[in-house]
Amino acid sequence: MTLHPALAKGAVEPNIEFGNFAFNKPYLMSVSYARSAQDNALFALAITTKNQAKDKNRLDIPTALSVNCKTGLFTAGFGYDAEDAFKVAKLITGSFCFMHKKQWRHTSW
């Protein structure tokens, strides 16, 4: 399985510190991100998919990930059903780190 990321167009243009990527394969998802003020390789990711789980008030339960793009370490809390959550989290974080570095051509990690 591979992800196909692209910068998302929205009210705020994505930049090296925060923004949004949209993935359309293998399934549609939006990944919003923010970089840590203390570590240029550490990011918080908030993921929304079209099959989000809902809470008792029918609000979306987002998926949250934290990833250190330098070490590859990540934590994840899924708000949608994933068949192999570890594999999916690894794929999302790896794709995000690759896309971020490719888009802004930096050497932070």
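The legends below describe close-up views of a predicted model.

Residues are numbered from 1 along each chain as its sequence is written, and side-chain values rest on heavy atoms, with hydrogens and water left out. Because the model is predicted, local features need pLDDT of at least 70 and side-chain atom pairs count only at pLDDT 80 or more, whereas totals for chains, interfaces and linings use all residues.

**Figure 1. Overall arrangement of the protein chain.** The protein chain holds one helix and eight strands, where helices (H or I, at least four residues) and strands (E, at least two) are DSSP runs numbered from the N terminus. Read from the N terminus, the order of elements is β-β-β-β-β-β-β-β-α. Of the 109 residues in the protein chain, 34% are buried; buried means under 20% relative accessible area, exposed over 50%, and partly exposed in between (1.4 Å probe, protein chains only). Contact means heavy atoms within 4.5 Å. Among contacts between residues at least 6 apart in sequence, 37% join residues at least 24 apart.

**Figure 2. The largest nonpolar core.** A nonpolar core is a set of buried Ala, Val, Leu, Ile, Met, Phe, Trp, Tyr and Cys residues joined through side-chain atoms within 4.5 Å. The largest such core has 20 residues, of which Phe-43, Leu-45, Val-67, Cys-69, Ile-92 and Phe-96 touch the most other members. Two or more residues of this core come from each of β2 (18-23), β3 (29-35), β4 (42-49), β7 (63-68) and α1. The largest share, six residues, is that of α1. With residues up to four places away in sequence set aside, Val-67 touches Ala-41, Leu-42, Phe-43, Leu-45, Leu-73, Phe-74, Thr-93, Phe-96 and Cys-97.

**Figure 3. Thr-93 in helix α1.** Thr-93 belongs to helix α1 (residues 85-104) and is buried, with a relative accessible area of 4%. A polar atom of the Thr-93 side chain lies 3.2 Å from the backbone oxygen of Lys-90. This pair is a polar contact, defined as N or O atoms within 3.5 Å; within protein, one must be able to donate a hydrogen and the other to accept it, and residues adjacent in sequence count only if both atoms are side-chain atoms. Beyond its neighbours within four places in sequence, Thr-93 is in contact with Leu-45, Leu-65, Val-67 and Phe-74.

**Figure 4. His-100 in helix α1.** His-100 is also found in helix α1, and it counts as buried because its relative accessibility is 0%. Not counting residues up to four places away in sequence, His-100 touches Asn-15, Ile-16, Phe-21, Tyr-33, Phe-43, His-106 and Trp-109.

**Figure 5. Ala-22 and Thr-48.** Ala-22 is located in strand β2 and is partly exposed, at 29% relative accessibility. Ala-22 and Thr-48 are separated by 26 residues in sequence and by 9.7 Å in space, C-alpha to C-alpha.

**Figure 6. Arg-58 in a loop.** Arg-58 sits in the loop between β5 (53-54) and β6 (60-61). Although Arg-58 is not a glycine, its phi is positive, at about 65 degrees. Arg-58 counts as exposed because its relative accessible area is 65%.
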